[in-house]
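Please read the report below alongside the sequence and the coordinates.

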Amino acid sequence: MAERKIRVLVAKPGLDGHDRGAKIIAASLRDAGMEVIYTGLHQTPEKIAATALQEDVDVVALSILSGAHMTLFPRVQKLIEQNGMEDVLITGGGIIPPEDVETLREMGIGRLFGPGTETGLHTSGAGSRSTGRTKTPDGGFVAHADPGR
Amino acid sequence: MSHVTDTDAPATPELRREVERRRRELQELEARLALWEEAAARAPVRDDSDFTTVSGQPIRALYTPRDTADDDYLRDIGLPGEYPFTRGPYATMYRTRLWTKRLFSGFATAEETNERYKFLLERGTTGLSVAFDFPTLMGYDSDDPLSEGEVGKCGVAISSLADMETLFDGIPLDRVSVSMTINGPAAMLFCFLLVAAERQGVPFEKVRGTIQNDILKEYQAQHAWIYPPKPALKIITDIFEWSSRKAPLFNTISISGYHIREAGATAVEELAFTLKNGFTYVEEGAARGLDVDDFAPRLSFFWDVHNDFFEEIAKFRAGRRIWARHMRDVYGAKRPESWRLRTHAQTAGVTLTAQQPHNNIVRVAYQGLAAVLGGTQSLHTNAMDETLALPTEHAVRIALRTQQILAFETGVPSTIDPLAGSYFVESLTDELERQAEDVFAEIDELGGVVAGIESGYFQARIAHSARRFQDELEAGRRVIVGVNSFCEDGEREIDILRIDESAAEKQGRRLAELRARRDPAAVDRTLAALTAAAEGDDNLMTPMLDAVRAYATLGEIRGALESVYGRFQEPVGF
């Protein structure tokens with residue numbers, strides 16, 4: 001079974017310029033053996049979906065600290081689905097209240113990581129996957145790196 | 001006098017004897033210290049700290065006169081209000097006037113924020129500080145498609161003069177000073193404020209306050225830019241030139257280390273990058289032909305106050321000394337007001353934890369104490385919930401009370417620069433100055449600040465330091481209470497402020513009404529004149545004020561200049 005590296009698009013939608021977290025996440029996912037593409041700042045949802053398609057990613061990780069997460073997550077999700085990429089895991093982090101995390105989870109968004117998250121939580125054991133589904137029941141992408149899959 | 005150098009031959013026999021006595025004292029100290037160090041080396045050492053600052057600066061167990069032996073008191077430390085201003089920018093500091101208690105706030109629409117400002121003024125805040133939402137920070141109107149989801153979320157939405165008039169309704173702009181955290185579109189928001197004052201009957205020369213207007217650190221760290229560096233610097237220089245004649249009480253820039261530090265920089269990087277940015281603005285003004293003494297007195301600074309108590313105090317002190325030395329000796333400024341670094345400070349938002357948020361009150365109190373011991377001129381203390389959302393009134397009140405307790409109960413402001421003469425603090429102040437000078441040399445080698453921005457030097461260095469800190473945290477080499485040690489199970493314990501979409505709807509209606517009400521011919525005419533001024537390289541302030549008076553919106557003014565200047569393209573990397 002051909003192994004290929006997990007491909008992650010780390011994206012900054014909206015107007016906020018806080019990229020400390022996005023860059024740390026991008027660097028630690030790369031160090032954990034994933035292929036990481038970072039979009040840079042101020043991306044529209046349309047541009048993020050187009051990049052996801054073009055780069056054929058498995059995961060889209062959005063970093064949002066502007067309070068616009070309830071607008072931006074669903075928008076990106078819809079555009080990615082319209083591209084026929086239903087299997088792509090949409091995850092992310094930022095300043096997102098727990099109630100909103102729950103609402104977004106119900107809408108099919110993966111786990112969201114808030115302040116104080118250790119980067120090891122994201123990457124432990126991950127780095128490559130065999131073929132198949134990317135999403136896991138808990139919306140994380142720790143489990144699917146299980147080499148037995 | 002505690003410190004005398006022996007580099008020059010002393011002029012009198014008394015001085016020669018004094019120098020000889022000091023030399024003997026130091027020799028004796030060396031011998032005693034050697035014994036002490038031997039004994040200390042045998043003592044057990046705690047394993048929960050590596051005894052470096054939060055920036056990675058090694059700290060020794062003990063500092064003595066040996067560490068400050070090279071300091072010359074009058075040359076390096078001096079008196080407050082005198083060159084090189086190490087002890088403070090003003091002669092009598094907090095004995096004459098306490099720092100301004102200035103809380104950064106803004107949310108939803110101008111109406112709601114106006115109410116918050118009145119709430120703060122009634123409770124003893126002494127200056128206002130406007131937090132804008134992201135669309136405003138980026139120069140977009142609230143009804144721009146790119147603004148969707150962000151209107152009023154992280155600050156107040158201001159799209160035109162009409163919003164600014166509402167924001168300061170009932171707040172006299174000749175008596176309350178207003179600080180505005182605005183950079184890319186600083187000129188536009190400055191013009192909104194000036195004309196709002198004009199409509200209150202307050203002439204420009206009586207308007208007091210500050211615009212942040214520090215675009216260089218936007219490219220380096222905070223990222224709310226519009227135009228590329230060269231036209232952006234031109235607009236800033238226009239503001240310096242215009243204001244030195246028309247609005248002389250206004251601080252035309254707040255050269256900011258805050259965002260550089262929050263993005264992950266070390267204390268030395270914050271200090272050095274910020275001061276180097278400041279020198280760059282001075283060079284731009286000089287290149288325009290302005291006399292440095294005409295605009296330098298209105299330059300002000302803005303430091304972060306991080307967790308490492310003494311490092312922060314030393315940073316404030318070193319910053320004043322470096323600025324004074326360069327302004328006098330490199331840029332030839334003659335007025336002491338041009339040498340004097342005045343600063344605002346804000347406790348470090350990045351140190352607040354989502355876990356056990358009440359602990360943040362304590363962090364903020366220590367950081368506020370460091371800022372005051374560092375000699376700040378104004379202070380924002382963060383509210384405990386600011387890592388979760390914009391603060392509630394309850395949290396803001398505690399943040400303000402924290403400053404009042406510091407000002408009136410601790411006795412700290414009673415004497416000036418009380419840590420001067422501490423072997424440790426003086427030595428750390430010297431060390432930070434030395435390291436900052438090394439960074440200046442490195443930036444010069446790259447071709448200066450703009451070249452460093454274009455090549456991504458600053459961005460890469462900041463990201464590297466951020467990563468180092470995160471790695472140290474996760475490896476357990478840094479303890480953050482509630483995050484990687486002393487953790488508690490359970491959910492968040494406090495209520496947070498939520499901003500709904502009604503701000504966006506309200507702003508949409510207000511803008512539609514404004515566009516219907518104003519004189520479209522006047523808007524078109526003044527915007528065309530502004531574009532023409534940009535093409536002709538004229539000072540933009542006068543045509544921009546005309547466009548603002550005609551109620552041209554923020555987005556329209558941004559667009560009128562973007563057609564000439566284009567947009568900044570970020571070098572992307574991580």
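Predicted model: local features only at pLDDT ≥ 70, side-chain atom pairs only at ≥ 80, totals over all residues.

The sections that follow treat a strand pair, a chain contact, a helix and a loop residue in turn.

## Basis of the description

## Strands E2 and E3 of chain A

Strand E2 of chain A, residues 7-11, pairs with E3(A) in the parallel sense, and four bridges join the two. Within this pairing, Val8(A) stands opposite Val36(A) of E3(A). Between the two strands the chain passes from E2(A) through helix H1 of chain A, residues 20-31, to E3(A), and this β-α-β crossover is right-handed.

In a regular strand the side chains alternate between the two faces of the sheet.

## The side of chain A that touches chain B

The contact between the chains involves 27 residues of chain A and 33 residues of chain B. On the chain A side, H1, helix H3 (69-82) and helix H5 (119-123) each supply at least two residues, and the largest share, five residues, comes from H1(A). Sorted by class, the side of chain A that touches chain B comprises twelve nonpolar, ten polar and five charged residues.

## Helix H20 of chain B

Helix H20 of chain B, residues 502-517, has 16 residues, and the distance from its first C-alpha to its last is 22 Å, close to the 22 Å expected at 1.5 Å a residue. The buried residues in H20(B) are Ala503(B), Ala504(B), Gln507(B), Arg510(B) and Leu511(B). Seen down the axis of H20(B), these buried residues fall within an arc of 125°, and they therefore line one face of the helix. The face of H20(B) turned away from the buried side carries the exposed residues Arg509(B), Ala512(B), Glu513(B), Ala516(B) and Arg517(B).

## Gly482 of chain B

Gly482(B) lies in the loop between helix H19 (457-474) and H20 of chain B. Because 17 other C-beta atoms lie within 10 Å, Gly482(B) is partly exposed.

When residues up to four places away in sequence are not counted, Gly482(B) touches Thr353(B), Gln355(B), Gln356(B), Asn359(B) and Cys487(B). Gly482(B) and Pro391(B) are 91 residues apart along the chain, and their C-alpha atoms are separated by 20 Å.

How values were computed. Residues numbered from 1 in each chain as written. Chains lettered and ligands numbered in written order. Pairing = 2+ DSSP bridges. Right-handed = clockwise from strand over helix to strand, strands pointing away. Contact = placed C-beta atoms within 7 Å. Nonpolar A, V, L, I, M, F, W, Y, C, P; charged D, E, K, R; others polar. Expected span 1.5 Å × (residues − 1). Buried ≥ 20, exposed ≤ 12 C-beta atoms within 10 Å, placed from the backbone. Arc of directions from axis to C-beta.
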